[in-house]
Structure formats: C-alpha cells, structure tokens
Amino acid sequence: MDGTPLAGPASGHREPPVGLPVGLRIGELAPGDFAQQHQDGAEAVVVLLGGRCDVDFDGPGPHWPGLGARADVFDGRATAFYAPAGRRWRITAGPAGVRYAVATAPAGTPREPYLVTPDGVRAERRGTGVWAREVHDIVGPDRPADGLLVGETFSAEGVWSSYPPHKHDRHDPPFESHQQEAFHVRVSPPSGFGLLVHYPSVAADRRATVVQDGDVVAVREGFHSFVAAAGHRFYYLWALAGTERHLCFRTDPRHAWLLPAGEDGRAPDDAPAADGGPA
C-alpha cells in the first residue's frame with residue numbers, strides 16, 4: 001500500500017477497484033423507477049440511505065413493501081436487508097425516490113433473505129472526548145452471513161472516528177484478522193469534507209487524503225482513521241469482508257496509551273461490539 005486510498009475520492013467515483021473481496025456501490029432511483037439485482041457467487045447487504053422503496057425477491061419471496069424510515073443518513077437509524085448469493089431481487093423507488101448502498105462479498109452458503117429494521121440496529125456511543133462518536137451495527141457477527149460486516153458511524157464536527165488508528169490486514173489470531181474494507185462518506189452540510197489518515201505500517205509516513213460528501217473509498221491494508229472538518233457533521237457507512245467474521249484489530253502501538261488498560265485494539269468503529277469492539 002502506498003498510503004493512498006485504493007478508490008480515491010474523485011468526484012463521481014462510486015466503487016472500490018476490482019479485486020477487493022468487499023465491494024460497495026451506491027444506487028439512486030427516481031420515484032417509481034426500479035432496478036433488478038443479482039449477485040452470482042456473492043452475498044449483499046443493502047442499506048437504505050434515504051427515501052422509501054418496495055423490495056421483491058424471486059421465487060417464493062419475500063416481498064417487503066414501503067421500506068425506509070429516514071429522509072437521509074442523518075435522519076435516524078437505517079433499514080437494511082440481506083440478499084443471499086444467487087438470489088435475484090428488485091428494488092422499486094417510492095414517491096420521493098430512494099438512495100441505497102449495496103455492500104457485497106464472495107459467498108456460497110445457501111441462506112434466506114432477512115430484513116433489518118431501525119429498531120433492530122444496535123446503536124452505542126464509543127470513544128471519549130474528541131474521538132467520541134455514535135456507531136450503529138447493522139449486520140454484525142450475530143446475524144447470518146458468510147463474510148460481511150456492515151454498519152454506520154456518526155461523528156460531530158471536528159471529531160475523530162475509527163480512532164486510535166488501527167488495522168486488520170494479517171491473519172494472526174487472536175491478535176489480528178484479515179479483512180478489507182470500504183466506506184461511503186456523507187457530510188452535512190455537503191460543502192464540507194473530512195480527512196482519511198492512512199499508512200501501511202508504523203515505520204511508514206502517515207498520509208492524509210481529503211474525502212468529500214458522496215465519496216466511496218477502500219482500504220486494503222494498513223492503519224486508518226477519519227476526522228471531520230469543523231462545522232460539519234460526518235458519516236460513513238463501513239463494510240468489511242475477509243476470511244472470517246470475527247474481527248480482531250491491531251491498534252498503532254504509539255497510540256495504545258489512549259485506551260483503557262487491557263483494551264489494546266478496542267477503539268475503531270468497524271468492530272461490532274459482539275466481537276469485542278469498542279466500548
């Protein structure tokens with residue numbers, strides 16, 4: 001890794017590059033429009049970012065009418081659904097249209113689709129001081145999936161998240177697992193920005209890249225953290241996938257002193273609490 005995002009935050013870039021085991025793309029439909037979706041050999045978690053829609057699966061269903069309970073990502077907890085590998089589904093936009101994210105990862109286990117409603121999203125405060133943020137676990141290790149872990153992080157202006165810097169790019173249980181990751185960023189108001197700090201190792205130079213409203217960025221390896229610009233709320237949807245669903249992450253040892261004793265590696269947001277994630 002050269003210290004730059006694999007999918008840079010260039011305007012209009014919506015997908016991580018081919019080859020990552022985790023994919024993330026953003027879709028938007030005008031009122032009444034629809035899209036057919038099918039992932040052969042891949043599972044998906046679809047998170048509604050704003051608006052309402054109907055969702056229909058092939059064969060015996062299910063059929064979920066009128067999904068969606070928020071106008072945008074800053075308007076409450078998400079509605080989401082899981083689409084197993086090999087199943088075809090259709091999303092039809094409601095009267096105000098719909099915007100959604102599709103996180104994918106290789107999978108082959110036969111499963112049934114399921115729905116995650118806002119009251120099924122686990123929300124908690126993590127971190128402290130200027131790295132306090134709210135983290136929503138949408139599909140954690142307690143929900144069926146082959147490899148995906150998906151959630152959302154919300155932070156106030158000028159606040160760090162996914163902090164202290166951490167990584168999960170080596171299979172070294174129980175100290176570290178190998179998961180790659182993609183993020184979708186939103187900023188309010190949208191004229192703002194944030195910074196993604198990332199570096200492949202303790203010995204490497206730290207580098208920062210500006211991320212803007214609507215960007216999709218990916219991290220293949222290395223330490224990473226975000227910070228929001230002053231005056232702007234900051235959000236990102238995160239999706240992880242790898243060879244396992246138990247996330248073990250390694251904190252940059254230079255920053256481990258910020259954590260409570262015995263909690264090295266318990267601060268990033270992309271770590272569902274059921275897997276020993278941050279408090």
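This note goes through the strands, cores and ring contacts of a predicted model in numbered points.

1. Basis of the values. Because the model is predicted, local features are given only where pLDDT is at least 70, and side-chain atom pairs count only at pLDDT 80 or more, whereas totals for chains, interfaces and linings use all residues. Residues are numbered from 1 along each chain as its sequence is written, and side-chain values use heavy atoms, with hydrogens and water left out.

2. Overall make-up. The protein chain has 19 strands and zero helices, where strands (E, at least two residues) and helices (H or I, at least four residues) are DSSP runs numbered from the N terminus. Of its 279 residues, 54% are buried, a term that stands for under 20% relative accessible area, with exposed meaning over 50% and partly exposed the range in between (1.4 Å probe, protein chains only). The accessible surface comes to about 11200 Å², and 53% of it belongs to carbon and sulfur atoms; these areas come from the Shrake-Rupley method with a 1.4 Å probe. Among contacts (heavy atoms within 4.5 Å) with a separation of 6 or more, 76% are made by residues 24 or more positions apart.

3. The five-stranded sheet. An open sheet with antiparallel pairing has the strand order β15-β14-β17-β11-β19, two strands being paired if DSSP finds at least two bridges between them. Strands β15 (207-212) and β19 (250-251) stand at the edges with a single partner strand each, so one side of each is left without a neighbour in the sheet. Strand β14, residues 193-199, is joined to β15 in the antiparallel sense over six bridges, and within this pairing G194 stands opposite V211 of β15.

4. The hairpin of β8 and β9. Strands β8 (residues 122-126) and β9 (residues 133-139) run antiparallel and are joined by five bridges, with E124 opposite V135 in β9. Six residues lie between the two strands of this hairpin, and G127 in the turn has a positive phi of about 80°.

5. A hairpin with three residues between its strands is formed by β12 and β13; β12 (residues 169-172) pairs with β13 in the antiparallel sense over two bridges, and D172 has E176 of β13 as its bridge partner. Strand β13, residues 176-188, also pairs with β16 in the antiparallel sense, over four bridges, and there F183 has V217 in β16 as its bridge partner.

6. The nonpolar cores. The largest nonpolar core has 28 residues, and those with the most contacts inside it are V47, L49, I138, L148, V150 and L237; such a core is a set of buried Ala, Val, Leu, Ile, Met, Phe, Trp, Tyr and Cys residues joined through side-chain atoms within 4.5 Å. Strands that each supply at least two residues of this core include β1 (23-29), β3 (42-57), β6 (88-106) and β10 (149-155), while the largest share, four residues, comes from β18. Leaving aside neighbours within four places in sequence, V47 is in contact with residues including A78, Y100, I138, V150 and L237. A second, separate core of 18 residues includes V46, C53, A83 and I91.

7. Q37 and its surroundings. Residue Q37 lies in strand β2 (residues 34-38) and is buried, with a relative accessible area of 8%. Not counting residues up to four places away in sequence, Q37 touches R25, R87, R88, W89 and Y100; of these, W89 is 52 residues from Q37 in sequence but 5.3 Å away in space, C-alpha to C-alpha.

8. The chain holds 15 aromatic pairs, counted where rings of Phe, Tyr and Trp (its six-membered ring) have centres within 6.5 Å, with planes under 30 degrees apart taken as stacked, over 60 as edge-to-face and the rest as tilted. One of them, F234 with Y236, is edge-to-face at 6.1 Å centre to centre and 70° between the planes; F234 counts as buried at 1% relative accessibility, and Y236 is likewise buried at 1%. Ring pairs also link F57, W64, F81 and W89 into a cluster. A charge is taken to sit over a ring if NZ of Lys or CZ of Arg is within 6 Å of the ring centre and within 35 degrees of the ring normal. R90 lies over the face of F34 at 3.7 Å from the ring centre, and the charged end of K167 sits over the ring of F223, 5.8 Å from its centre.
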